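Biologist: Thanks for sitting down with me! Could we go through this one together, question by question?

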Amino acid sequence: MKFDFLKASALLICLSPLSGALAQSFKIVNLKTEYLQNPIGIDNPSPRLTWQMQDSGNGAKQTSFRVLLDTDSLALTKSEGKIWNTGWVKSDQQLINYSGQLLKPFTKYFWRIEITDGNKKKTNDAFISSFETGMMDMKNWQGSWISDNENPKLKPAPYFRNTFTTSKKIKSARAYIATGGLYELSINGKKIGNHRMDPMYTRFDRRTLYVSYDVTSNLVNGKNAIGVLLGNGWYNHQSTAVWDFDKAPWRNRPTFCLDVRITYEDGSIETIKSGKNWKTALSPIVFNSIYTAEHYDARLEKEGWNTADFDDSKWKNVIYRSAPSKNIVTQALHPIRNIEEIASKSLRKFNDTTYLFDLGRNISGVSKITVNGPAGTVIKLKHGERLYPNGRVDISNIDAHYRPTDNTDPFQTDILILSGKGEQSFMPHFNYKGFQYVEVTSSGPIQLNQSSLVGYFMHSDVPVSGNINSSEPIINKIYYATNNSYLSNLFGYPTDCPQREKNGWTGDAQIAIETGLYGFDGITIYEKWLADHRDEQQPNGVLPSIIPTDGWGYEWGNGPDWTSTIAIIPWNIYLFYGDDKLLADCYENIRKYVNHIDETYPTGLTTWGLGDWIPVKSKSPVELTSTCYYYADVVILAKAAKILGKTEDYEKYTVLAQKIKDALNAKYLNKETGIYASGVQTEMSVPLYWKIVPEESIPLVASNLAKKVEADGFHLDVGLLGTKAILNALSENGYSDIAYKVAAQKTYPSWGWWMENGATTLYENWPIDAKSDISMNHIMFGEIGAWLYKSPGGIKPDPEKPGFKNVILAPHFVKGLNQFEAKHTGPYGEIISSWKRNGNEISYKVIVPANSTASVILPKEQNLKVYLNGKTVTNSTEQLQSGTYTFYWK
């Protein structure tokens, strides 16, 4: 055989790794529309498109981009975009708002992103994503709002069904459903989707959410059946508690509106819709309360109720109902799901009718029991966080605000009545709880084993975007527990606890916002919740302390220390995502809120607020803490005004901020001693954290805070507001070692004390044996999760280049730790900040994602020089391009 040298050479070139790198060393990943991957049901006429450049090379950056958009994906592969073509834009931005032809409802759009890098090389591959519009306008709904003709006080949940026939070949089908209450949708006997607790809770009489599904594969040629099961949720609250949700102005029997839009291969469209031709009957769910539990009578099951051949001749007719609100919009967010199945860690059998299951960790969610027994056997599943000394479930720490009118609705206790038809499983449809233990009691003998019950950790399915790992086990446990509590309190809105209240307490959420954003990609949840804020704000600017609300909370618990969420959360979204949409959407709301405080408290000092909630022992003046939050709101408002081009407002609120700062310092700061008020931890740390301390006084105030903490034995003496401030105030002002001693403390009072006593979540109170306020799954003391990223990890967003376009890296190599690693995935990719002690030396590895930069503020280590690439670094701050770097202190 003759050897072909030219062909062999060509083959070697093709196989060479170098040749591939030269051809294209980068790619585009994580294409999203409205921060969701390939979403359907988008209503925004100008949706946001985002992407990331993936390139591990040092200095990798995007120099230009082009976006093409079309309804034909094939056209995009040919670099054609008939609906939108931005042309080549010289820019390194990776977020753009659609601004092409007017988007049509019910339409699938494909978009392609092309970029060039610093070497002017263009992406060769076709990076294509899609989104699909939904209703876009309420006039496009065809279905009617229907319900059963029953009193809101009736307990059983209703079934609804309808059948229809298709005779042509189906190309695609979409279901759109809006509900007052909760629902489960099924087609031909199968539940649609894996969401739980849809739609998310809103102020029902002001905004109603609808959800979209692709149901193409669920339909068959011929006869089809649609089934809808409705639950009460917060819409028809039948349980009674201190917040009076049973008296909500919107309360009514659950209702829904449904369109199933079928597109046939011949191009014709048919819409199957809710209307008077539907039938209804009561389901086996004989009671359901999102607050307490669910009761299910398996003897009442209607086998095949949601299938085409079911006989519904004895079912009742439905009635028309008015829509809960005149504002029906899409639910464009990460849904609630059963995220993790948790096997029982142990089973204790008391007798043939009493068992105790232990999941080994505290979660939000539901349990699922599989059991066999005679018809009519009543099984009660009592869920709790702790046990009595005799081993039975104790719920006295979580039923404190429940006000039952009788004994038919026991707190966190599901009730199952067996059908007697063999083994069956039960899991609640429209309820969730906070628990670790499940006590199962039965009206007659039953046989259970350890696998008879599992738990499901349930929460909004937000993508993980961060991780912390250290050489200190107690720190790792605290981080794990913090995330568990954060997720346990994320159900389409941030809550305080998953058992006792389930309320959207604003104070808890503003404390935990950074912890949430470092660890999880939660922008869709917060954008939804800030829309709830806008719904709830009164004309005078006042917000309630819990959001959403039925009207409770406008006169107690609100004030700048709690309802600063209206400013603090949009500002943090801007910092973490580099997206000013939420800041713009809430700008007038922030302004109204600030103006109300200014008008009510013209001196610049305000006493409006709850203060440092649940402190260890020392109480701080409400005026001091609330005024600091008022100042923070005004500073954010001024910054937002500047960003949004509102020059007059920027000047006005900059002056107001200075007035507040001067007034607080004049009353509470002793400039000679450097002490605020009486000098306790919260009084010193809150002004430092919110940067209200005069520049010249910062060193003395910080020194006094450090001395106070040391005098307190490096233990906490703070409540909710002080917890947000204390670690940051120390770390940011030269006392990171002291902050770490507090963070890693293992004796009371501390986070570590909880961990040492078996906690897998964060608690509501420092003493584990507190007589009140002792929910064992609260996020309100969760700032420590964010502090781990900011101080030992040193990862911070740069307000001048938000969204981690420029990453500030200012790690603290704290004494007591030998190794620490923080990872956070921002809009440009994964940031890694990792350091390790090697004897007397320290190595520090940094990864800066492509198309971003980093300002590394280098810690000063006594008698050690800093090296990068073998060269001595003399600057205190090193500016880096993207890539991987390792610094050494020797």
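Biologist: Where is the place of Pro-548?

Modeller: Happy to start there, and bear in mind that this is a predicted model. Most peptide bonds are trans. The bond from Ile-547 to Pro-548, however, is cis, with omega near 0°. As for its place, Pro-548 sits in the loop between helix H6 (523–536) and helix H7 (560–563).

Biologist: Nice. Are H10 and H12 roughly parallel or oblique?

Modeller: Helix H10 (residues 587–600) packs against helix H12 (residues 647–668) with axes 13 Å apart and an angle of about 40°. Angles under 35 degrees would count as roughly parallel. The angle therefore makes H10 to H12 oblique.

Biologist: How do the residues of that contact divide into nonpolar, polar and charged?

Modeller: From H10 come Tyr-587, Arg-591, Val-594, Asn-595 and Asp-598, and they meet Asp-649, Lys-652, Tyr-653, Leu-656 and Lys-659 in H12. The contact of H10 with H12 divides into four nonpolar, one polar and five charged.

Biologist: Lastly, what area do domain 2 and domain 4 bury between them?

Modeller: Their centres are separated by 40 Å, taken over C-alpha atoms. In the contact, 17 residues of domain 2 touch 20 residues of domain 4. Of the area buried between domain 2 and domain 4, 58% is on carbon and sulfur atoms, and the total is about 1600 Å².

Technical notes:
Residues are numbered from 1 along each chain as its sequence is written. This is a predicted model: local features need pLDDT of at least 70, side-chain atom pairs count only at pLDDT 80 or more; totals for chains, interfaces and linings use all residues. Side-chain values use heavy atoms; hydrogens and water are left out. Axes are lines fitted to C-alpha atoms, for helices over the stretch in contact, and angles run from 0 to 180 degrees between N-to-C directions. Helices (H or I, at least four residues) and strands (E, at least two) are DSSP runs, numbered from the N terminus. Angles under 35 degrees count as roughly parallel, over 145 as roughly antiparallel, 65 to 115 as roughly perpendicular and the rest as oblique. Contact means heavy atoms within 4.5 Å. Ala, Val, Leu, Ile, Met, Phe, Trp, Tyr, Cys and Pro count as nonpolar, Asp, Glu, Lys and Arg as charged, and the others, Gly among them, as polar. Domain bounds come from an automatic or database domain assignment. Buried area is the accessible area (1.4 Å probe) that two parts lose on being put together, summed over both.
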